[in-house]
Amino acid sequence: MAGPEHTENHGKRSLATRVAGLTETLEAIGTGAYLVDEQGRILAVNSRTERFLGRPTEDLFGHDAHDLLHRDAHGHPLPRTQCRMRQAFHAGRTAQADEDYFVRGDGSLMPISWLITPFDLGDHEHSTLVLFQPRHLREPHSPPQSATALLPELERLALLAATTTQLASTLDVEEALRRLVTLVVPRLADWAIIDLITERDEVWRTVVTEADGEGLVRHEELEGPMPPVPEESPMPLSRALRGVASTLAGPQTYQGPPDSGIAVEQRRLFDATGIHSAAIAPIRSTRAVLGALILGRAKQAGDFGASDLPLIEDIARRAGLALDNARLYQRQRKVAETMQNHLLPQMPRVPGLQMTVRYLPAPDASQVGGDWYDAFSLSDGATALAIGDVVGHDLEAAAGMAQVRNMLRAYAWAMQEPPSQIVERLDEAVLHITDVAMATMVLARIEETHDGQWKLSWTNAGHPPPLLISHDGLADYLTDAHGILLGTGSQKPRTDATVLLPAGSTLLLYTDGLIEEPGHSLDEGLHRLRRHAAALAHRPLTSFTDQLLDRVRPLANDDDVALLALRVPART
């Protein structure tokens, strides 16, 4: 369980990690760049900003950018009401200016040009990106901006920064593709087509999207499987799908006799969309060619030129790295989910008892972890119930969990002993014959008495206490028989506790991912669980369990959750 010190350190690490990631993104921008939060405070800067301003990062971070940097032509502080950058910042819009002034660290005045644009950090966090360049750097030796370039230099850099951040902040392939399309349409083109090569080396036209007014329209009738990539074809899309080169194309490119099935599909695309000019770039990762990005202009005036290809190649390259990461993550998640499904057992059928279980993986981990549940019949006719947590959120934790659970089953079946003595045996085994560092658990046995009541006996090894909810909504934690967690080497004897379960009551065993939340005490989580469990006491057990997870599990949860709910019969 996480204490206040752990939470504080975790918060500091998260902030440091986020700032480092933002700084790395800004370093790829070829001019001065910094990010500000929703209050206008500087979040991150690149090294060019430090050099241009003559100020180290520590003198910039956390300061209000306007107050610190903005000046008028005479070097006086610029009133906020007269600051065009500040006005665009509050309006949440993109703006730029060719003549403004920043003050350097030594007090000297620096003429600048700037561009400001909203910048999405992901996870519902918003910031603003500011790009600036000392005006003297553009005179007289810098090559002039190409008249045919897609975007002015500062806008191009802002787009590449947004592409890097937005695509890198998701590990979902569909979401990455959606973000890619919204970045380039209609800014660069009014059509975006994405062809991806699947893991079976098949080509799939995955996205065909058109800008229509202020919205985007997806044309699913143009999506679907594509013919194989020809090995020698000189046609633009075939070359891109082989990772050879970026190319310009138009309807005339595909009017001759087709050399492959892909050429036929490209002619169909141009005919259906009315695209008069297209730029086609490979989508590559460091390991392989993943597909191709096609940007097309149908309603937009002007054709793509050779000077436009470097920007489109940069966007496609960033998309390739993001898609590769997302694919690797989804492949790992699939393997982990399959493993988890095999590790977690099916529940036994016990006449008179209702039981339901749930397992939710950690959202940002490898989708498998050390939380587990179990229920199985004992040799004397009783039923064993267990819930536990092996430290970690990875395959190693899952393997340790399987070891602990299997040893527990063997001891519980072979030794007709109280739960405390079985856990003592398990603790000694964990210490000497497994790689498990630490684990918590509750082991209980439930059996029907001769007069039709249900008796619960349990022991607790450092785990959150079971919760017992009466049919009338009275909820109490079973805090007796609480001992130290497994793996410490302590020889202190463990104890048992016993209670008769009221008719119609519900017993809840759970792991700490259900109640722990960064920045909040454990007592708050326990209180939240008790209150919602009491309010849901009248619900059918499946509904009770699902609603409880939905209401109680913190949004900021970064741990997996296991839950076992049991209900005894009501009075007849």
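A residue is called buried here when its relative accessible area is under 20%. By that criterion, buried residues account for 51% of the 572 residues in the protein chain, in what is a predicted model. The secondary structure of the chain comes to 13 helices and 23 strands. Among contacts between residues at least 6 apart in sequence, 62% join residues at least 24 apart. The accessible surface of the chain is about 27000 Å², and carbon and sulfur atoms hold 51% of that area.

In soluble globular proteins, nonpolar side chains tend to be buried together. In this model the largest nonpolar core has 52 residues, and those with the most contacts inside it are Leu129, Leu131, Ile194, Leu295 and Ile315. Helix α9, which spans residues 309-343, gives the most to this core, with 9 residues. The surroundings of Ile194 can be followed in some detail: when residues up to four places away in sequence are left aside, Ile194 touches Leu177, Leu180, Val181, Trp204, Arg205, Thr206, Val207, Ile283, Ala292 and Leu293.

Ala375 sits in strand β14, residues 371-377, and because its relative accessible area is 1%, Ala375 is buried. Not counting residues up to four places away in sequence, the residues that Ala375 touches are Gln346, Met347, Pro348, Met355, Ala384, Leu385, Arg409 and Leu564.

A search of the whole structure finds 4 cavities of 30 Å³ or more, and the largest cavity holds about 100 Å³ of space. Its lining is made up of Tyr34, Val36, Gly40, Ala65, His66, His70, Met85, Arg86, Phe89, Ile116 and Val130. Three elements, β1 (32-36), α3 (65-69) and α4 (84-91), each supply at least two residues of this lining, and α4 gives the most, with 3 residues. Sorted by class, the lining of the largest cavity has 7 nonpolar, 3 polar and 1 charged residues.

The second largest cavity has a volume of about 50 Å³, and is lined by Leu378, Ala384, Ala412, Glu417, Pro418, Pro419, Ile422, Leu443, Ala444 and Arg445. Two or more residues of this lining come from α11 (419-433) and from β16 (439-448), with β16 giving the most, at 3 residues. By class, the lining of the second largest cavity has 8 nonpolar and 2 charged residues and no polar ones.

A last stop is the loop between β17 (454-461) and β18 (467-469), where Gly462 lies. Is Gly462 buried or exposed? Its relative accessibility is 19%, and therefore Gly462 counts as buried, given that the cut-off is under 20%. Between Gly462 and Ala439 there are 8.2 Å in space, C-alpha to C-alpha, while the two residues are 23 apart in sequence.

Notes. Residues are numbered from 1 along each chain as its sequence is written. This is a predicted model: local features need pLDDT of at least 70, side-chain atom pairs count only at pLDDT 80 or more; totals for chains, interfaces and linings use all residues. Side-chain values use heavy atoms; hydrogens and water are left out. On a 1 Å grid over the protein atoms alone, a cavity is a set of points where a 1.4 Å probe fits but cannot get out, and a pocket is an open set with protein on both sides within 12 Å along at least five of seven lines; lining residues have an atom within 4 Å of a point. Grid points are joined across faces, edges and corners, and a volume is the space filled by probe spheres set on the points. Helices (H or I, at least four residues) and strands (E, at least two) are DSSP runs, numbered from the N terminus. Ala, Val, Leu, Ile, Met, Phe, Trp, Tyr, Cys and Pro count as nonpolar, Asp, Glu, Lys and Arg as charged, and the others, Gly among them, as polar. Buried means under 20% relative accessible area, exposed over 50%, partly exposed in between (1.4 Å probe, protein chains only). Contact means heavy atoms within 4.5 Å. Accessible areas come from the Shrake-Rupley method with a 1.4 Å probe; for residues, only the protein chains shown count as cover. A nonpolar core is a set of buried Ala, Val, Leu, Ile, Met, Phe, Trp, Tyr and Cys residues joined through side-chain atoms within 4.5 Å.
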